[in-house]
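Me: I am new to this structure and would like to go through it step by step. Please put the sequence and the structure up first.

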Amino acid sequence: MSGIRFLFLAGLLWTAVAMAEPAIDPDLCRRGEGTPAQFLTDHLRDGSVSPALWSELPPEYRAEILAGKRPLRASDPEAVPAVRAFLAAVKRGFAWRAERPRAVIPRLAVPPAIDGEVSADEWREALQFTGEIPLDRDDLALAGKSRWFAGFDDQYLYLAAVIAEDDPQFHPEAPFEGDSVEFFLLPEPKLGGYWEVVTAPGAPPFIAFHTLGRNGRRLTRQARPAGLRVAARRIPGGFSAELAFPFAAFPALGERLPHSKGRFDFLFLRTDRKKSGTYHISSPVPLLYGGHNLYGYIEGILP
């Protein structure tokens with residue numbers, strides 16, 4: 001969701017660059033490479049304006065642009081707030097100081113039953129995080145009682161979460177519209193293709209494969225790998241979720257996972273929907289921008 005918003009902002013910012021607006025650095029894309037801000041600055045690479053732009057501009061303003069009565073300018077009153085927000089987000093990326101997280105994923109002797117119930121016996125050998133960190137914060141420690149788990153065997157990567165929430169707000173059709181857990185898997189970073197699984201009690205899971213181009217644009221195809229299993233359920237004090245993701249669905253440029261010293265990137269994400277309709281995003285590791293920011297994932301290492 002946030003990626004669309006950033007595309008819109010990037011389109012406006014590029015327009016400002018192309019028209020030599022003051023206070024806009026035309027070298028921003030190059031300077032962002034290799035920094036935490038790259039997820040945003042990549043949007044400036046090809047200079048095109050995202051179609052998402054039109055949903056954000058006032059209808060009268062859009063009509064005048066389409067009719068050729070006025071150009072799209074980042075200095076226009078309708079655009080200035082969006083450009084400022086984008087530049088502030090890029091600035092946060094340049095100032096981000098959290099090191100990239102790395103974790104060894106243990107092999108599980110006995111695979112967990114994927115029924116949504118995260119039992120201590122099934123997951124006792126797994127990697128575990130406890131707590132959450134709000135999105136865009138690299139100055140806070142883990143806090144809270146939510147727990148996150150990861151393990152593997154010869155066929156599957158296993159991920160799970162136990163979310164502490166007294167009053168979850170679930171969506172009956174689209175899990176990402178309410179309280180939910182998201183699992184992101186980036187098997188081969190050089191390919192830029194990654195899986196997303198969103199699950200919540202009472203809703204069908206959202207499963208998709210995304211590709212992220214060098215220009216920051218994301219293509220999404222909903223698909224479910226053969227053998228994938230996912231479940232979520234309500235529990236006292238919150239909800240829980242489990243995922244068994246087949247290694248056979250991991251794209252690979254070399255030896256296929258799992259193998260000793262094998263590596264892949266992954267991420268846990270929690271969406272907490274408030275009764276007011278606002279969203280609070282968190283993760284067990286410091287995360288900038290959101291779940292589609294591939295530059296912020298955990299590097300998983302197989303023993």
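Reply: One definition to begin with: a residue is buried under 20% relative accessible area, exposed over 50% and partly exposed in between, with a 1.4 Å probe and protein chains only. This is a predicted model, in which local features need pLDDT of at least 70 and side-chain atom pairs count only at pLDDT 80 or more, while totals for chains, interfaces and linings use all residues. Residues are numbered from 1 along each chain as its sequence is written, and side-chain values use heavy atoms, with hydrogens and water left out.

Me: Then is Asn293 buried or exposed?

Reply: Asn293 counts as buried, because its relative accessibility is 2%. Its place is in the loop between β12 (279–283) and β13 (298–301). Strands such as these are DSSP runs (E, at least two residues), as helices are (H or I, at least four), numbered from the N terminus.

Me: What does Asn293 touch?

Reply: Leaving aside residues up to four places away in sequence, Asn293 touches Pro36, Phe39 and Leu288. A contact here means heavy atoms within 4.5 Å.

Me: Stepping back, how many helices and strands are in the protein chain?

Reply: The secondary structure comes to 7 helices and 13 strands. The chain has 303 residues, of which 50% count as buried. Among its contacts with a separation of 6 or more, residues 24 or more positions apart account for 64%. The chain exposes about 14000 Å², and carbon and sulfur atoms supply 53% of that. Such areas come from the Shrake-Rupley method with a 1.4 Å probe; for residues, only the protein chains shown count as cover.

Me: Let us turn to β4. Why is β4 largely enclosed?

Reply: Of the 9 residues of β4, 8 are buried, so the strand is largely enclosed by the rest of the structure.

Me: How many bridges join β4 to β10?

Reply: There are 9 bridges between β4 and β10, which run antiparallel. Within this pairing, Tyr156 has Pro246 of β10 as its bridge partner. β4 is also joined to β3, by 6 bridges, and these strands too run antiparallel. β3 and β4 form a hairpin with 3 residues between them, and Ala150 has Leu159 of β4 as its bridge partner. Two strands pair if DSSP finds at least two bridges between them.

Me: What sits over the ring of Tyr156?

Reply: The charged end of Arg229 does, 4.8 Å from the ring centre. The criterion is NZ of Lys or CZ of Arg within 6 Å of the ring centre and within 35 degrees of the ring normal. Tyr156 itself is buried, with a relative accessible area of 14%.

Me: On to the rings, then. How many aromatic pairs does a search of the whole structure find?

Reply: It finds 19. One of them is Tyr156 with Tyr158: the centres are 5.9 Å apart and the planes are at 40°, so the pair is tilted. Rings of Phe, Tyr and Trp (its six-membered ring) pair if their centres lie within 6.5 Å; planes under 30 degrees apart count as stacked, over 60 as edge-to-face and the rest as tilted. Tyr158 is buried as well, at 1%. Phe176 and Phe206 form an edge-to-face pair, because their planes are at 85°, with the centres 5.2 Å apart.

Me: Where do Phe176 and Phe206 lie?

Reply: Phe176 is in the loop between β4 (156–164) and β5 (180–188), and Phe206 is in strand β7 (residues 206–212), so the pair ties together parts that are 30 residues apart in sequence. Phe176 is partly exposed at 26%, whereas Phe206 counts as buried at 16%.

Me: Which residues of the largest nonpolar core touch the most other members?

Reply: In this core of 42 residues, they are Ile105, Leu157, Leu159, Phe245, Phe266 and Phe268. Elements that give two or more residues to the core include β2, β3, β4 and β11. A nonpolar core is a set of buried Ala, Val, Leu, Ile, Met, Phe, Trp, Tyr and Cys residues joined through side-chain atoms within 4.5 Å. Phe268 also belongs to a cluster linked by ring pairs, whose members include Phe129, Trp148 and Phe183.

Me: Last topic: which peptide bond is cis?

Reply: The bond from Leu257 to Pro258 is cis, with omega near 5°. Pro258 is placed in the loop between β10 (238–246) and β11 (263–273). Lys261 is also in the loop between β10 and β11; its phi is near 70°, a positive value in a residue other than glycine. Lys261 counts as exposed, at 61% relative accessibility.
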